[in-house]
Amino acid sequence: MASDHKYLPNPKTAAIVGCPFSGGQPRAGVDQGPIHLVNAGLAGQLRELGWIVQFDGHHQFEEVSAERDPPIGILKNPRLVSKVSRAVADVVGAHASRGELPVTIGGDHSLAMGTISGTLSHYPDACVIWVDAHADINTVESTESGNIHGMPVSFLLGLNKPNIPEYEWVKPRLTPSRLVYIGLRDVDAGEKKILREQGIKAYSMHEVDKYGIGRVVEMALDHVNPKRERPIHLSFDVDALDPSVAPSTGTPVRGGLTFREGHYICEAIHETGLLVALDIMEVNPSLADAAAVQATVAVGCSLVRSALGETLL
């Protein structure tokens with residue numbers, strides 16, 4: 001494991017934040033993803049890489065109630081998603097303030113509203129590398145489904161005007177210039193318009209095919225972190241990977257990243273010495289047979305290991 005991390009003190013501590021939550025989307029089972037990853041031995045795998053690992057059990061959010069959570073417009077479970085994301089923001093921010101690296105295991109990607117808010121509360125100049133088949137930047141106006149796992153980036157950027165009172169806690173600390181996407185291939189028409197209007201850099205699978213993953217990661221870093229001095233929050237949705245690699249996820253899309261392309265992204269981010277927070281999201285063990293679930297859980301664990309310093313040699 002590299003010892004020249006620019007933001008984490010030695011000895012380095014990784015804090016696993018298990019978030020078994022599925023309220024940002026309609027398919028059951030994604031709340032079981034973190035339990036499967038932890039049961040697969042993730043904490044021990046990180047200790048073998050030299051990390052001190054803190055894991056105090058999964059956050060169950062028992063105190064968060066949504067019995068009376070009618071839609072806001074067409075947004076589904078809006079109060080539940082807000083309350084849970086806010087709780088996650090507090091947990092992630094606390095770990096960051098102690099010099100620990102939060103590794104948040106989801107759960108659906110609406111949680112990134114919380115994880116990135118937590119990171120930015122301690123590292124306000126952090127940049128975000130969002131690896132995903134989807135842009136997750138729909139606004140209240142553009143969403144067609146009302147599923148908030150397709151909207152967290154719009155809240156982080158402050159694009160919903162007027163803001164929804166239940167989400168006023170989300171401070172728009174993220175700027176378009178400090179956000180970059182890798183792996184996009186299923187982007188709504190409204191999202192394409194938002195990306196263009198906001199000038200957000202996005203490398204779709206077209207660019208991955210054209211330039212290769214090494215060049216794409218370099219260009220992405222050059223855009224959001226040209227001097228290689230900003231802290232990095234890496235938010236990785238496993239559906240960025242091709243379904244042949246990670247079949248057990250809620251919204252699979254053909255033509256995704258290969259096993260090695262996904263891991264190269266994580267390895268390259270680790271090599272910068274700037275990673276301060278990591279999300280692995282949308283592993284859904286209920287959506288495939290046992291072998292496919294095992295493969296997806298294994299790749300989730302190995303992505304975390306790569307981002308935290310595992311190398312091939």
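Is Tyr 123 buried or exposed? Tyr 123 is buried, with a relative accessible area of 8%. That value comes from a predicted model, as does everything below.

**Overall form**

The protein chain has ten helices and eight strands. Its C-alpha trace spans about 50 × 40 × 40 Å along the principal axes. How does the radius of gyration fit a compact globule? For 313 residues such a globule would come near 20 Å, and the protein chain has 18 Å, which agrees.

Of the 313 residues, 60% count as buried. Among contacts with a separation of 6 or more, 75% join residues 24 or more positions apart.

**Surface and charge**

The accessible surface of the protein chain is about 12,300 Å². Carbon and sulfur atoms hold 50% of that surface. Charged side chains number 27 positive and 37 negative. The centres of these two sets lie 5 Å apart.

**Aromatic pairs**

A pair of aromatic rings is described by the distance of the centres and the angle of the planes. The count in this model comes to three aromatic pairs. Two of them are described here.

One is Tyr 7 with Tyr 123: the ring centres are 5.7 Å apart and the planes stand at 80 degrees, so the pair is edge-to-face. What does this pair link? It links distant parts of the chain, 116 residues apart. Tyr 7 sits in the segment before β1 (13-19). Tyr 123 sits in the loop between α4 (112-122) and β4 (127-131). Tyr 7 has 30% relative accessibility, so it counts as partly exposed.

Another pair is Trp 130 with Tyr 181. Why is this pair edge-to-face? The planes of the two rings are at 65 degrees, and over 60 counts as edge-to-face. Their centres are 6.4 Å apart. Trp 130 counts as buried at 0% relative accessibility. Tyr 181 is buried too, with a relative accessible area of 0%.

| Residue | Relative accessible area | Class |
|---|---|---|
| Tyr 7 | 30% | partly exposed |
| Trp 130 | 0% | buried |
| Tyr 181 | 0% | buried |

Note on methods. Residues numbered from 1 in each chain as written. Predicted model: local features only at pLDDT ≥ 70, side-chain atom pairs only at ≥ 80, totals over all residues. Heavy atoms only, no water. Helix = DSSP H or I, 4+ residues; strand = E, 2+ residues; numbered from the N terminus. Rg over C-alpha atoms; globule rule 2.2 N^0.38 Å. Buried < 20%, exposed > 50% of the residue type's maximum accessible area, 1.4 Å probe, protein only. Contact = heavy atoms within 4.5 Å. Areas by Shrake-Rupley, 256 points an atom, 1.4 Å probe, with all protein chains shown as cover. Lys, Arg positive; Asp, Glu negative; His and termini not counted. Charge placed at Lys NZ, Arg CZ, Asp CG, Glu CD. Phe/Tyr/Trp six-rings, centres within 6.5 Å; stacked < 30°, edge-to-face > 60°.
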